[in-house]
Amino acid sequence: MGRPGYITVPILSVLAAIGYVYYTTVFLAIPAWLGLSTAAGLANATVFTALAAACVATYAVAVSRDPGRVPASFVPDVEDAGSPIHEIKRKGGDLRYCQKCSHYKPPRAHHCRVCKRCVLRMDHHCIWINNCVGHENYKIFLVFVLYAVIASVYSMVLIIGGAVHLPKDEEPGSDSSRTSIIVCGVLLFPLALALMVLLGWHVYLILHNKTTIEYHEGVRATWLAEKAGNIYHHPYNLGVYENLVSVLGPNMLCWLCPISRNIGNGVRFRTSYDIPLSTSPM
């Protein structure tokens, strides 16, 4: 496993997969079905090229953007009335302190053993981008997955159409084209399915304002609360719309825009205990 910031085999594999799918779709499937010289063929090739470019661009940003560093000056202020929640250790009840980084952990921050540092609002470490998915790059990671799902489904439609309309033994090279298209389709189907599952999972997390780590912590917290006869409530769940705003930003038109950033500094988050709840997140 490579160090964060370095080009690794999984990253090269992702880029190679994008290139292979793009070549097969644009230069084999579309010509076989619609023809690149037709208006329909050229339009589909243009749209798919734009999608592929968007995938590469957002993937590059997800790989290169820092997920969020804990400020060296961060110290939790337990007397701050504006911060009703302070996360503590399960054992001892002390404020969370990272012994490896030698600083306090802000809410929702966790130490990554691969990156060897704490990451703000850490979701998980992804080997496919050789980087953590955290506060600063979570949105661009989500947008990349969304574009990848759209491109994969679009490519599957074009590949199926190309495989069906390929001429049978009428043109030289048609057998090799058919083989390439079929192989690409066979490889693309489970990939598209996996991407759709990943996208669905993160949509669920966003709607509940959770990270992957917080989901698993919540499962344990719910079990412990039920065991004690209590009810566990995720403190960062503000309601569907406010959850979307806290992750994707206040402007709905920019929610899926790859160049817009998320909001907040990653150190302080609104909770369901904040009053009033109707105020905009800072």
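These are my notebook entries on a predicted model of one protein chain.

**Entry 1: the overall layout**

I started by counting elements, and the chain has 6 helices and 6 strands. Reading from the N terminus, I get the order α-α-β-β-β-β-β-β-α-α-α-α. Of the 282 residues, 43% are buried. I also looked at contacts with a sequence separation of 6 or more: 62% of them join residues 24 or more positions apart.

**Entry 2: the record on transmembrane regions**

I looked up the UniProt record, an unreviewed entry, and it lists "transmembrane region" for residues 12–34, 40–62, 140–160 and 180–207. I then checked two of these spans in the model. Residues 12–34 are 96% helix and 0% strand, and the C-alpha atoms at the ends of the span lie 31 Å apart. Residues 40–62 come out as 100% helix with 0% strand, and here the end C-alpha atoms are 33 Å apart.

**Entry 3: α1 against α2**

For packed helices I note two things, the angle between the axes and the distance between them. Helix α1 covers residues 9–33, and its axis comes within 10 Å of the α2 axis, crossing at roughly 175°. Angles over 145 degrees count as roughly antiparallel, so α1 and α2 are roughly antiparallel. On the α1 side the contact includes Pro 10, Val 14, Ile 18 and Tyr 22, while α2 brings in Gly 41, Phe 48 and Tyr 59, among others. I sorted the contact residues by class and found 15 nonpolar, 4 polar and no charged ones.

**Entry 4: α2 against α3**

Next I took α2 (residues 39–64) with α3 (residues 138–165); their axes are 9 Å apart and the packing angle is about 150°. This pair is therefore roughly antiparallel too, and the crossing is left-handed. From α2, the residues in contact include Asn 44, Phe 48, Leu 51 and Tyr 59, and from α3 they include Phe 141, Phe 144, Tyr 147 and Tyr 154.

**Entry 5: Arg 69**

Where does Arg 69 sit? I found Arg 69 in the loop between α2 and β1 (97–98). Buried or exposed? Its relative accessibility is 54%, and the cut-off for exposed is over 50%, so Arg 69 counts as exposed. Arg 69 still has partners from elsewhere in the chain: leaving out residues up to four places away in sequence, it touches Arg 117, Cys 118 and Leu 120. The C-alpha atoms of Arg 69 and Val 119 are 5.6 Å apart, though 50 residues separate the two along the chain.

**Entry 6: positive phi values**

Most residues other than glycine have a negative phi, so I went looking for exceptions. Ser 102 is one of them, with a positive phi of about 60°. Ser 102 lies in the loop between β1 and β2 (103–104) and is partly exposed, with a relative accessible area of 49%. Asn 209 is another non-glycine residue with a positive phi, near 55°. Asn 209 is in the loop between α4 (174–207) and α5 (212–227), and at 3% relative accessibility it counts as buried.

**Entry 7: α6 and what follows**

Last, I checked helix α6 (residues 240–248), where Glu 242, Asn 243, Leu 244, Val 245, Val 247 and Leu 248 are buried. Gly 249 follows α6, and its phi is positive, near 110°.

Methods. Residues numbered from 1 in each chain as written. Predicted model: local features only at pLDDT ≥ 70, side-chain atom pairs only at ≥ 80, totals over all residues. Heavy atoms only, no water. UniProt positions renumbered as here; feature names shortened; annotations may be inferred. Helix = DSSP H or I, 4+ residues; strand = E, 2+ residues; numbered from the N terminus. Axes fitted to C-alpha atoms, helices over the stretch in contact; angles between N-to-C directions. Parallel < 35°, antiparallel > 145°, perpendicular 65-115°, else oblique. Left-handed = near helix turned anticlockwise from the far one by under 90°. Contact = heavy atoms within 4.5 Å. Buried < 20%, exposed > 50% of the residue type's maximum accessible area, 1.4 Å probe, protein only. Nonpolar A, V, L, I, M, F, W, Y, C, P; charged D, E, K, R; others polar.
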